[in-house]
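Biologist: I would like to learn how to read some features of a protein model. Please take me through them one by one.

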Amino acid sequence: MTVLRCLGSTRPWRSLWYLGAGAVGALPMLALVKWVLKTNTPIGYLTGLVLIVMVNVLLAAPLAAIERRRLKVIDRRSPSRAPLGKNRLWRELGYAVAFTVVIAVLDFLVVIVALSVLIVPLSPLLEFVLDLGSIVNLDDGPVPSPIVVLVGIALLPVAAYLISLVARTQAAFARRLLTRPDAALADRVAELTRSRTRLVDAFEAERKRIERDLHDGAQQRLVALTMTLGIAELDLAGLGGEGPRLVSKARAEAECVLAELRELIRGIHPQVLTDRGVEAAVAEIADRCPIPVEVHLDLPRAPSAVEAVAYFAVSEALANVVKHSRAARADVTGRFADGVAVVTIADDGDGGADPVNGTGLQGLADRVAVVGGRLTLSSPPGGPTELRVELPWACA
């Protein structure tokens, strides 16, 4: 929250109320500490320590329940009880120790300072109305009363914002230890994860359908057109005029379109990836690559969506190597262990690759993240460059 929004809301007053309630808890503990110090004997110190420990143990659960209710002063959301079990008990005990040793004393000091800042600007009015005399009379000090009042007024916004900041920090600490995430929020996160998985599966199915339609439909018709133009070229070979030349040119154009269509189909989802897996598909990429590529992959079959991400990660990385790195060679390695596949693409190029300077690597990172993977890049200036892709690899 910005300073202006904070000062223009009720948050400073609610924060002061929140800290004031916490400061009340400091009074019994301060009295106990004072009694222990007053005894000035080893037995008294030991007794005081035992009492402090017992107080923390006995008050851990009630204090946690009170704190969960008190959090509503800062945050209107209703915090829920932490999961049952040993972990919750230790969390509540840890908060009780932190509250009695640090938080309550800090609240007490902050409240004293805040009240002092509030009283200073009101001191002339209090002196006039209540006739408090020397208690609030600032004229006898080294600084004239009007200046002190003006300084106090100037400090009010600062104090209000700092009080809000301390209260929010303390509430965040208490919420971290004593509450669990909102059930509705957790359900929403789970639903978003499931919907993302469904979208990935639907996208993969649609891509396979497009690849199949192009392969079985448009590609076959282009092949038939190329053959027809080839036969027509043979039939017109002995004739003069522009006819044979135009037919020959049309056949060459059809062959170029067919080659481009095959590359497009291979880029959408190569059939070899579906039939034989990542190793065979990456080996095919390496064979077509203009620079030497060593491939060492040892990956079992996995769900098609994850295999497609691994394949396109390698394809995109090698395309970047050819376009930008000026490398003489590249290496693709992959291994599988503990349910995770790690694929590494390394080259001996110039380095200096940065996802911020282009959308290719960022798009690749987003694609890897969709299936729950992680992408890391090491590319210092001068090289070498290493792209590391970690993917959850549930064996199919």
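**Salt bridges and helix packing**

Modeller: Start with Glu67, which is buried at a relative accessible area of 1%. Buried means under 20% relative accessible area, exposed means over 50%, and partly exposed lies in between (1.4 Å probe, protein chains only). This is a predicted model, where local features need pLDDT of at least 70, side-chain atom pairs count only at pLDDT 80 or more, and totals for chains, interfaces and linings use all residues. Residues are numbered from 1 along each chain as its sequence is written, and side-chain values use heavy atoms, with hydrogens and water left out.

Biologist: Which side chain meets Glu67 in a salt bridge?

Modeller: A salt bridge is a side-chain nitrogen of Lys or Arg within 4 Å of a carboxyl oxygen of Asp or Glu. Here the partner of Glu67 is Arg70, at 2.7 Å, N to O. Arg70 is buried too, at 11% relative accessibility. Helices are DSSP runs of H or I with at least four residues, numbered from the N terminus.

Biologist: How many salt bridges does this rule count?

Modeller: The count is 7. Among them is Arg329 with Asp331, whose closest N and O atoms are 2.8 Å apart. Arg329 is partly exposed at 34%, and Asp331 is partly exposed at 27%.

Biologist: Which residues are linked in a network of salt bridges?

Modeller: Arg374, Arg388 and Glu390. Arg388 is partly exposed, with 25% relative accessibility. Glu390 is buried, at 19%.

Biologist: Now the helices. What describes two packed helices?

Modeller: The angle between their axes and the distance between the axes. Axes are lines fitted to C-alpha atoms, for helices over the stretch in contact, and angles run from 0 to 180 degrees between N-to-C directions. Take helix 10 (residues 278-288) and helix 11 (residues 304-325): the angle is about 15°, and the axes are 10 Å apart. These helices are therefore roughly parallel, a term for angles under 35 degrees.

Biologist: Which residues of helix 10 and helix 11 make the contact?

Modeller: Contact means heavy atoms within 4.5 Å. Helix 10 contributes Val278, Ala281, Val282 and Ile285. From helix 11 come Glu307, Ala310, Tyr311, Val314, Ser315 and Leu318.

Terms used. Helix = DSSP H or I, 4+ residues; strand = E, 2+ residues; numbered from the N terminus. Parallel < 35°, antiparallel > 145°, perpendicular 65-115°, else oblique.
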